[in-house]
Each structure stands twice: as structure tokens, then as C-alpha cells.
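Here is a short briefing to read with the model open beside you.

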Amino acid sequence: MRPKPVILVVIDGLTPAMLEGAIASGGAPTLARLAEHGTYRRATSVFPSLTPVCLSSIATGAHGDVHEIPHLVWYHRRDGRLVEYGSSFGAARAAGIGKTLRDTLVNMNAEHLGVGAVTLFETLADAGLRSAAVNFTAYRGRTVHRSSLPFLGNVLGPERFYFYNLFQSERTGAPLSFRNRSAGTIDAYATAVGRWLVTRDGFDLFVFYLSDYDYASHELGPDRAHDVLGRCDAAVGALADAAGGIDELLERYALVVLSDHGQTPVRHVASLQRHYVDVAGALVCASNRAAHVYALDACALDPRQLAARLDAEPSVELALFREGAEAVARREGEELRFAPRPQGGFHVAGDASLLAHPDAPARAWAALANPNAGDVLVSATAGWEFADLGGGHHLGGGSHGSLVAGDSEVPLLTVGVDGDPRSIVEVAPTVLRHFGIEAPAYVLGRAA
Ligand SMILES: [Zn+2]
């Protein structure tokens with residue numbers, strides 16, 4: 001029997017506690033119905049737990065060491081410039097609005113996403129299966145699409161590709177996405193496209209990406225965006241309506257519902273740059289609850305010295321760096337050394353409490369092995385956020401990016417799909433297995 005097409009629903013920034021609470025209280029009736037028919041668990045995100053990094057992991061099944069997207073903001077060593085994927089409007093203005101748009105909308109997929117990583121869209125196209133995606137920012141595929149904005153040029157995406165009205169492979173009648181974000185017009189656009197696709201049964205895989213929840217949770221705080229969660233639930237309900245009801249939806253499709261990262265409250269904001277003002281060639285790329293510190297050519301300090309500068313900084317829980325064949329996690333001058341064991345797992349020497357976060361050694365190791373990573377990676381203390389390039393932050397609201405559990409745990413619901421993914425990097429291989437397609441070699445290597 002031909003496997004059912006899969007709908008992969010990604011609700012950006014949704015925490016397990018919010019989803020579990022809404023299911024229990026009746027605040028998410030559609031997702032509750034899906035959960036009755038499927039398997040729910042909490043899963044782990046990647047590090048840094050920031051959307052470009054996470055969506056790249058969901059698309060490819062890889063950590064940052066393979067997909068090479070290191071952060072919302074990072075230093076491109078070969079091009080000798082900053083890349084900013086839109087931490088905030090102020091950060092985009094500081095990096096250059098045109099550059100930020102081009103990096104976010106085009107270059108992340110066309111140039112930055114590692115050539116050793118393979119997206120679901122690419123693998124399925126190679127197997128003769130049809131993919132569709134709406135608003136999903138890690139979209140690299142095999143089909144050429146031309147933008148409605150000529151200066152963006154052509155990109156390679158899934159066969160059916162809808163991206164904030166900038167790329168639309170067919171006319172769906174969906175409304176303009178950017179009319180009024182806080183009123184939900186971006187997800188309304190995604191929902192209109194989704195309804196159109198389900199009505200036509202036009203895919204083997206449909207990645208349905210809802211971004212408004214994260215936006216609201218940043219503003220209101222991680223446990224307050226009930227209204228937007230209700231809207232996300234209704235968006236999934238709209239797909240069910242297009243199929244003729246929940247039972248018909250489940251008859252026709254398998255579903256995976258997850259978020260890309262969590263969120264935690266922001267009570268204090270810090271700037272890390274002040275620790276390096278006297279160091280030529282030390283560059284801080286900070287946003288949300290993670291940062292990279294780069295030692296450019298002129299920098300006289302080594303990674304250990306750069307990390308030690310943060311020993312007394314309350315916003316820094318961990319400064320991580322590589323030293324020889326090992327990695328070091330440093331907190332207030334205390335150190336833990338770790339490295340992967342040949343037989344699997346990690347060798348850890350020192351105070352293990354330093355890395356007592358979900359799957360922390362593997363996530364930190366992969367983040368440090370990202371060729372675009374800084375020489376020091378910084379994970380924020382609970383309650384703290386780092387100001388971005390434009391001084392932006394979410395004081396009084398929510399944020400994410402660190403190794404702590406609240407930023408790192410995600411809800412993950414599978415319906416009609418075999419397997420028990422426990423990390424967002426296990427979603428792509430789970431979907432491929434559903435279609436009888438072998439996962440990329442880097443996934444098989446990780447499992448062995
Ligand atoms: Zn966010």
C-alpha cells in the first residue's frame with residue numbers, strides 16, 4: 001500500500017507546557033483530537049535553539065555541524081561580513097535592510113545551508129515524490145522558482161512553494177501575508193495556502209509552518225500566548241475542514257506536529273560586547289539567548305582567554321570552546337571537558353552539572369563543530385537575554401537560544417507515522433522512513 005502523504009506542522013516557539021495545558025483545558029480542540037489518535041512526547045531541540053538553526057535541522061535531520069547554519073546572526077569568514085537573519089528590525093537596520101532580506105530570503109538556502117546536508121524536499125524530489133511548503137525558511141529543493149520581487153531572482157525550493165507572497169508556485173487566492181503580523185495575517189496566508197493544497201491533495205509532504213506563535217510569545221512571555229495558540233489550532237482545523245473533517249484528514253494523511261524550540265521568560269538584558277572593547281579583532285554576534293564570539297585575524301586572545309572574559313558576567317551560564325580534540329564548557333572559571341567516544345556517547349571530565357541540560361554534550365559539540373561557529377559559543381543564564389546588533393531584546397517577554405530545558409524542549413506529536421523521534425533532528429529520518437527512503441549517511445552515522 002502506498003504510504004499516506006505527510007503533513008508536517010511546525011508551530012514556532014510553542015513550549016510543551018503550553019500545548020499540554022491547552023489540550024487538557026480545551027484550548028486546542030483540533031490538536032487534542034490529533035493527540036487522541038497519535039503519540040505525544042517531549043523532544044529536544046538543537047543548539048543554539050534559534051529558528052534558522054532549528055528549521056534547518058528539521059529539514060535536514062542534521063545538527064549545525066552538517067547543515068552549517070550557526071545562529072540568527074553570525075560572521076561569514078570567507079566573505080568577511082556579518083550575516084543577520086532578522087533578529088529584530090533594529091538588528092536588520094544595523095546589518096543593512098537589503099542585505100538582511102537577501103540573506104534571510106535567499107542566501108540562507110542558496111549559499112549558507114551546507115552542501116553536505118540534504119533537505120527532505122531534495123530527498124523526496126530525487127525519489128519522485130512531491131513536496132509543498134508554506135513560509136518554511138529552510139526550503140532548499142530541486143525546483144526553480146522565480147520571485148515576485150525581481151531583485152530576489154530565482155531560488156530552488158520544493159515543487160509547490162509558497163513563501164510570504166514572494167514565491168508562489170500557483171495562484172491560490174491566499175491574502176497578502178505582511179498586512180498585519182500581530183493580527184495573524186502571516187499564519188492566515190499559510191492557512192489559505194494549506195487549505196488550497198489539501199483541497200487538491202497536491203503533495204506527498206506538506207510542511208505547514210506557523211510563525212506567529214513565536215512572535216506573540218516573545219512579546220507576551222512563554223506562558224501567555226493562549227490566543228495565538230488557539231489560532232494555530234484553528235489553522236490545523238482549517239486543513240481538517242478542507243479534507244472534510246478530522247476523521248477524513250487522518251484517513252488521508254499522516255501528521256507530525258512539533259515546534260522548533262521552546263521559550264523562557266526574560267527578566268534581564270545584557271550586552272556582551274563590553275567585555276571585548278579593548279580587544280582588537282574580537283567580534284560578538286549575539287541575539288536572543290545565545291552568542292558567538294569570533295576571534296578575527298587581528299585578535300591576540302585564544303578561545304580560552306576570550307571565554308575567561310565572561311567568567312563574572314551574570315548573563316553567561318556557559319562559555320563553550322574547542323581545545324585540541326576536546327570541547328570545554330566553562331562557568332565562572334569552572335571547567336568541564338568533553339568529547340565524543342568512538343563507541344557512542346560522550347566522555348565527560350569535570351563537574352558534570354555544568355552540562356546538565358537536555359542532550360547538552362551532543363548539542364554543544366555539534367554547535368562547536370559548525371564551520372561557521374564562533375571561537376566561543378555562549379549559552380545564556382535562565383532569565384537573561386543578550387541585546388542584538390541593534391540593541392533589540394524582549395525584556396518582560398520570552399526568548400530562547402540557550403541549552404536550558406525551557407528553551408530546548410519541544411512538543412512532538414506523531415499521528416500515523418511509525419517511529420519515536422526524540423529530537424527535532426529525528427523528524428526528517430522518521431518522515432523518510434515512512435516513505436521507505438533511507439536517511440542521509442550523516443543520520444545513519446549518528447545512530448551507529
Ligand atoms: Zn523566536
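Buried means under 20% relative accessible area, exposed means over 50%, and partly exposed is in between, with a 1.4 Å probe and protein chains only. This is a predicted model, in which local features need pLDDT of at least 70 and side-chain atom pairs count only at pLDDT 80 or more, while totals for chains, interfaces and linings use all residues. Residues are numbered from 1 along each chain as its sequence is written, and side-chain values use heavy atoms, with hydrogens and water left out.

**Zinc site**
- The zinc ion has D214 (OD), H218 (NE2) and H400 (NE2) as its protein donors, lying 2.1 Å from it.
- Donors here are N, O and S atoms within 2.8 Å of the metal (3.2 Å for Na, K and Ca); water is not among the atoms, so sites may look incomplete.
- Along the sequence, the donor residues follow the spacing D-x3-H-x181-H.
- Helix α9 (residues 212-220) holds both D214 and H218, which sit 4 residues apart, about one turn of the helix.
- Helices (H or I, at least four residues) and strands (E, at least two) are DSSP runs, numbered from the N terminus.
- Both D214 and H218 are buried.

**Cysteines**
- Counting pairs of cysteine sulfur atoms within 2.5 Å as disulfides, the total is 0.
- C54 is in no disulfide, and the nearest cysteine sulfur, that of C232, is 17 Å away.
- C54 is buried, with a relative accessible area of 0%, and C232 is buried too, at 1%.

**Nonpolar cores**
- A nonpolar core is a set of buried Ala, Val, Leu, Ile, Met, Phe, Trp, Tyr and Cys residues joined through side-chain atoms within 4.5 Å.
- The largest one has 59 residues, and L8, V10 and I58 are among those with the most contacts inside it.
- Helix α3 (residues 51-60) gives the most to this core, with 5 residues.
- Domain 1 (6-69 + 113-265 + 404-447) and domain 2 (268-393) both contribute residues, so this core lies between them; the bounds come from an automatic or database domain assignment.
- A second, separate core of 44 residues includes A22, Y162, A190 and V198.

**Helix α1**
- In α1 (residues 16-25), the buried residues are P16, M18, L19 and A22.
- Seen down the axis of α1, these residues fall within an arc of 170 degrees, so they line one face of the helix; the arc is that of the directions from the helix axis to the C-beta atoms.
- A24 and S25, on the other side of α1, are exposed.
- Just after α1, G26 takes a positive phi of about 90 degrees.
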